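Here is a brief report on one protein chain. Keep the sequence and the structure open while reading.

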Amino acid sequence: MFLAAALLAVVSLANAQAPADAPYGVKSGVITMSMDMMGNEMITETYFDNYGLKTAQVSEGGFMGGEGKTRTITDKDGAQIRINDAEKTATKMPAFGGMGGFGGSQINWNKLTDQVKKDNNIKELGKETIAGVECTKYSMTMDMMGQSMEQTVWIYKGIQLKNLMSTEMGEFGSTCKKFEEKAVDAAMFEVPAGVKVEEM
């Protein structure tokens, strides 16, 4: 019986391994980020599961305007669906890179290859603790609307916990206030039943 239990534990552990294309080295959790928006703090909570293959961002106000909390999920085609659970509305936006993590959010930091480092001029700058976990700090060069910009990111197991971008208007970025490794309700990544998704 002990041997059978041990074998079952090994099989369960093998089944729990991350998919090959997973961007994160942590199965599920919540990342609470803080960003300074012209003197006002904007808080964004990112819920993730299946090692980052499922994500949902919950924010209040922000880039799109409006009142109350909204939840943004990404569908199988890469398009974003912005849901207001209180008002029972949902709006689908075309697929494009999110602004929350800037250019660094488009890189799979969990699978960082020499070619990706070369293409983005990525350099490792050492270690630093953010939100209680040790991150690897990187600098990189990214192209935004035809302009070359410098960005610094802090990565923990593929997860970006801090970013800082230097522009002609100054520096701006966001920092993780709390990182929680825990199970997330599957409903967080779905459009509620009965809510019609409108095209933007």
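The report covers confidence, strand pairing, salt bridges and aromatic contacts.

## Model and confidence

This is a predicted model. The protein chain has an average pLDDT of 83. A score of at least 70 is reached by 81% of the residues. Among the elements, strand β7 (residues 123-130) has the highest mean pLDDT, at 97. Helix α1 (residues 2-15) has the lowest, at 42.

Two stretches call for caution. Residues 1-15 have a pLDDT below 50. Beyond near neighbours in sequence, residues 1-15 make zero contacts in the model. Residues 97-103 also have a pLDDT below 50. That stretch has 18 contacts beyond near neighbours in sequence.

## Strand β1 and its partners

Strand β1 spans residues 29-37 and is mostly covered. Seven of its nine residues are buried. β1 pairs with two strands, β2 and β11.

With strand β2 (residues 40-49), the pairing is antiparallel and runs over nine bridges. Asp36 has Glu41 of β2 as its bridge partner. The two strands form a hairpin, with two residues between them. Met38 sits in the turn and has a positive phi of about 50 degrees.

With β11, the pairing is again antiparallel. Here seven bridges join the strands. Met35 has Ser174 of β11 as its bridge partner.

Side chains of opposite charge can pair when their charged atoms come close. A search of the whole structure finds four salt bridges. Asp49 belongs to strand β2, while Lys27 is in the loop between α1 and β1. The pair links distant parts of the chain, 22 residues apart. Asp49 is buried, because its relative accessibility of 15% is under the 20% cut-off. Lys27 is partly exposed, at 43%.

Glu41, the bridge partner of Asp36, also forms a salt bridge with Lys177. The N to O distance is 3.3 Å.

Lys182 and Glu180 form another salt bridge, at 3.4 Å from N to O. Lys182 is partly exposed, with a relative accessible area of 39%. Glu180 is partly exposed too, at 24%.

## Aromatic rings

A pair of aromatic rings is described by the distance of the centres and the angle of the planes. The search of the whole structure finds three aromatic pairs. One of them joins Tyr156 and Phe179, whose ring centres are 5.5 Å apart. Their planes stand at 80 degrees, so the pair is edge-to-face; the cut-off for that class is over 60 degrees.

Tyr156 lies in strand β9 (residues 147-156) and Phe179 in strand β11 (residues 170-181), so the pair ties together parts 23 residues apart in sequence. Tyr156 counts as buried, at 15% relative accessibility. Phe179 counts as buried as well, at 13%.

A charged side chain also meets a ring. Lys162 lies over the face of Trp154, at 4.5 Å from the ring centre.

## Thr72 in strand β4

Thr72 lies in strand β4 (residues 69-74). At 16% relative accessibility, Thr72 counts as buried. Leaving aside neighbours within four places in sequence, Thr72 is in contact with Thr55, Ala56 and Gln57, and with Gln80, Ile81 and Arg82.

Conventions. Residues numbered from 1 in each chain as written. Heavy atoms only, no water. Phe/Tyr/Trp six-rings, centres within 6.5 Å; stacked < 30°, edge-to-face > 60°. Helix = DSSP H or I, 4+ residues; strand = E, 2+ residues; numbered from the N terminus. Buried < 20%, exposed > 50% of the residue type's maximum accessible area, 1.4 Å probe, protein only. Lys NZ or Arg CZ within 6 Å of the ring centre and 35° of its normal. Contact = heavy atoms within 4.5 Å. Pairing = 2+ DSSP bridges. pLDDT = per-residue confidence, 0-100. Salt bridge = Lys/Arg side-chain N within 4 Å of Asp/Glu carboxyl O.
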